[in-house]
Amino acid sequence: MTTEDQQEHGTGPGASEAIRGTARGTAPAPLSILDLATVGVGYTPSEALAATTELARRAERWGYHRFWVAEHHGMPGVASSTPAVLIAHLGANTTTLRLGSGGVMLPNHAPLAIAEQFGLLEALHPGRIDLGLGRAPGTDQATARALRRGVSEGADDFPLQLSELTHFLEGDFPAGHPYDRLTAVPKGEGRPPVWLLGSSGFSAQLAGRLGLPFAFAHHFSSANTIPALDLYRTSFRPSAVLSEPYALIGVSAVAAEDETAARRLARSAALGMLRLRRGNPGPIPTPEEAEEYPYSPVEADFIDNWLDNVVLGAPGQVADGLEALRKRTGADELMVTSHIHGHEARLRSYGMIAEAYGLTATT
């Protein structure tokens, strides 16, 4: 399938409107949430998933535009291993909030399976589903091999997998193709918009060439944000999906009563990331544990560098920091994530950010 052919695979009339969000309150751009169903020390996965459900309800009332969950495996601090299952549950507990994957790691799955899962989600919650796709495994290599047992493709085959998935979603394999008689069921009148996710230039360029919306992981790859967005925009070719580029960025943001309190919360996430990078993932540590941890000089540098990429402080400080980042990157939408210990602290953080922007809903 050529790039020109793939560009014809959109969601039809109104596709752009399904992608572009609406800025509410005083926010200059749509605000959304990426949630990881965070499991902190002292909490169970069931409690984490219940907190994510409550957060989705509140996000809808507060006025956030969309709410995405991510696929991760083998990480005790993240309970969202299967986005489609969690999205179905969240859809049953909300009514208007857009829900999606940020993202499904396509190389871990057969494209037909993802087409069926998200076709079912679209049938359950019409017009509310986004299908965000990534090409990384979302885990370590041993777990990736276990997930992909019997599947030879990997990240290098992502464009081919994407093409196959798109054909399944549209039901338009060309005559003579081995799958031309196959149908992804259920298939309704619409299909969820496809987003490409990335933390480097590969997906940025591919999204641009295909005229798809692009989501960049600024929250863990900030050095690549502007180069990737520039590459996306310069590579962009209008499609049936979008007439011009549309990019959102994921941003780590923590709001609290003041900057000291916010930084204390953010340090727990930073220590969790340090352990993950060292091959020792676990639940998100408590702020007390993060304060008492005996950091080596190298570890202390890692923590400081990680915190430099977090927009944190009192609500007004966070709003100012997010706006400065939006202007610097030219992002069309901001997707905030507060991957911190304590469900009430997470709820307060997202609520304070919403309040700082004067979003219209009530708590």
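Residues are numbered from 1 along each chain as its sequence is written, and side-chain values use heavy atoms, with hydrogens and water left out. Because the model is predicted, local features need pLDDT of at least 70 and side-chain atom pairs count only at pLDDT 80 or more, while totals for chains, interfaces and linings use all residues.

## Nonpolar cores

In soluble globular proteins, nonpolar side chains tend to be buried together. A nonpolar core here is a set of buried Ala, Val, Leu, Ile, Met, Phe, Trp, Tyr and Cys residues joined through side-chain atoms within 4.5 Å. Buried means under 20% relative accessible area, exposed means over 50%, and partly exposed lies in between (1.4 Å probe, protein chains only). The largest such core has 80 residues, and those with the most contacts inside it are Tyr64, Phe67, Phe118, Leu131, Leu133, Leu196 and Leu322. Its largest share, six residues, comes from strand 8 (residues 247-255). Apart from this core lies another, of 19 residues, among them Val254, Ile303, Trp306 and Leu312.

Helices (H or I, at least four residues) and strands (E, at least two) are DSSP runs, numbered from the N terminus. In helix 8 (residues 201-210), the buried residues include Ser203, Ala204, Leu206 and Leu210. Just after helix 8, glycine 211 has a positive phi of about 65°.

## Leucine 322 and the packing of helices 13 and 14

Leucine 322 touches Val251, Val311, Leu334, Val336, Ile353 and Tyr357, leaving aside residues up to four places away in sequence. Contact means heavy atoms within 4.5 Å. Leu322 also belongs to the helix 13 side of a helix pair, where Pro315, Gly316, Val318, Ala319 and Leu322 meet Met352, Ile353 and Ala356 in helix 14. By class, this contact has seven nonpolar, one polar and no charged residues. In this classification Ala, Val, Leu, Ile, Met, Phe, Trp, Tyr, Cys and Pro count as nonpolar, Asp, Glu, Lys and Arg as charged, and the others, Gly among them, as polar.

Helix 13 (residues 315-329) and helix 14 (residues 343-356) pack at an angle of about 70°, with their axes 9 Å apart. That makes helix 13 roughly perpendicular to helix 14 (65 to 115 degrees; under 35 is roughly parallel, over 145 roughly antiparallel, and the rest oblique). Axes are lines fitted to C-alpha atoms, for helices over the stretch in contact, and angles run from 0 to 180 degrees between N-to-C directions.

## Salt bridges

The whole structure has 16 salt bridges, each a side-chain nitrogen of Lys or Arg within 4 Å of a carboxyl oxygen of Asp or Glu.

| Pair | N to O distance |
|---|---|
| Glutamate 54 and arginine 57 | 3.0 Å |
| Glutamate 333 and arginine 66 | 2.8 Å |
| Arginine 263 and glutamate 259 | 3.6 Å |

Glutamate 333 lies in strand 10 (residues 333-337) and arginine 66 in strand 2 (residues 66-69), so this pair ties together parts that are 267 residues apart in sequence. Glutamate 333 counts as buried, at 0% relative accessibility, and arginine 66 counts as buried at 0%. Arg66, Arg98, Asp130 and Glu333 are linked in a network of salt bridges.

Glutamate 54 and arginine 57 both lie in helix 3 (residues 45-62), three residues apart, about one turn of the helix. Glutamate 54 is partly exposed at 23% relative accessibility, and arginine 57 is partly exposed at 29%. In helix 10 (residues 259-277), arginine 263 and glutamate 259 are four residues apart, about one helical turn. Arginine 263 is partly exposed at 33%, as is glutamate 259 at 35%.
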